[in-house]
Amino acid sequence: MWLDGTVAVNPAVAFARAPLLVALAVLLPGRELPAQAGDELDSGTYEILMNGQVVGLERFVVQNDGTVIRAAGRVSASAVGAAILTGEVRVQLDQEYRPDRYELKPSNGALVSVIGLRRGGRLRLQTESDAGERVKEFVAPDDLVVLERGIAHHYFLLLGLVRGAADGDRVSLVVPSEGRQFRATVRDEGEESIPFGGGTLQARRYALEGEGERHAVWAAADGRVLRVEVPGSGWAAQRLP
């Protein structure tokens with residue numbers, strides 16, 4: 001038993017890994033991120049910034065095959081020593097944008113992998129790191145959101161869940177790499193013009209607040225997330241045209 005109440009497990013513990021691991025095989029270095037079968041909801045590239053300086057890129061795609069929604073992304077550093085999470089991440093969601101499966105495969109740091117599975121009102125995360133393996137379970141209500149630290153396209157999935165809900169909607173956030181869950185509020189702060197592609201673009205601004213954190217999200221009318229900022233950490237992501 002770990003000090004935080006989680007349980008150490010044997011590597012033989014099964015987590016229904018196969019579907020996600022097969023999907024990750026397409027994210028090979030030097031190859032384009034391919035679309036899976038189905039309608040493409042969004043895809044593109046973000047510049048990742050720390051304290052205003054570009055330090056990396058995130059390439060992603062979100063697909064809907066009519067049964068499940070699948071999102072995949074890869075983050076790479078463009079600056080030596082950049083303090084960002086790099087690697088590959090996958091999420092599978094139902095048609096209401098509720099997460100069912102999750103996988104993170106970092107390429108830096110002590111964390112080796114995080115694999116998640118939602119079943120029966122619980123989200124179970126298996127984490128492998130230099131310190132070993134452990135399992136942690138969270139309550140998985142209908143307003144559950146997986147929002148990985150430093151992953152810009154996850155805000156598109158967040159807005160997909162709350163879009164059309166009343167202002168000040170409450171969600172249950174899980175940050176898999178940190179093994180944390182907390183309640184947060186999403187507020188619509190109205191429209192404003194933001195710099196984009198050498199000009200300006202009208203965007204709707206959302207504020208996400210919880211457990212002392214504030215995230216600002218700007219989305220276009222079609223739902224594309226154009227920019228995200230987490231002022232308390234210095235991290236931001238700017239979508240490329």
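## Exercises on a predicted model

Buried residues make up 49% of the 241 residues in this protein. The model is predicted.

**Exercise 1.** State how many helices and strands the protein has.

*Solution.* Count the two kinds of element separately. The protein has 2 helices and 16 strands.

**Exercise 2.** Find which residues touch the most other members of the largest nonpolar core, and which element gives that core its largest share.

*Solution.* Step one: take the core as a whole. It holds 52 residues. Step two: look for the members with the most partners. These are Tyr155, Val171 and Trp235. Step three: turn to the elements. Helix α2 (residues 154–162) supplies the largest share of this core, 7 residues.

Now list the partners of tyrosine 155. Skip its neighbours within four places in sequence. Its contacts then include Leu147, Leu208, His215 and Trp235. Among them are also Val217, Val225, Val228 and Val230.

**Exercise 3.** Search the whole structure for aromatic pairs and describe what you find.

*Solution.* Step one: count. The search gives 1 aromatic pair. Step two: name the partners. They are tyrosine 46 and phenylalanine 60. Step three: read the geometry. The centres are 5.4 Å apart, with 25° between the planes. Planes under 30 degrees apart count as stacked, and this pair is stacked. Tyrosine 46 lies in strand β2 (residues 39–50) and phenylalanine 60 in strand β3 (residues 53–64), so the pair ties together parts 14 residues apart in sequence.

**Exercise 4.** Decide whether tyrosine 46 and phenylalanine 60 are buried or exposed.

*Solution.* Buried means under 20% relative accessible area. Tyrosine 46 has 0% relative accessibility, so it counts as buried. Phenylalanine 60 has 3%, so it counts as buried.

Technical notes. Residues numbered from 1 in each chain as written. Predicted model: local features only at pLDDT ≥ 70, side-chain atom pairs only at ≥ 80, totals over all residues. Heavy atoms only, no water. Helix = DSSP H or I, 4+ residues; strand = E, 2+ residues; numbered from the N terminus. Buried < 20%, exposed > 50% of the residue type's maximum accessible area, 1.4 Å probe, protein only. Core = buried A, V, L, I, M, F, W, Y, C linked by side-chain atoms within 4.5 Å. Contact = heavy atoms within 4.5 Å. Phe/Tyr/Trp six-rings, centres within 6.5 Å; stacked < 30°, edge-to-face > 60°.
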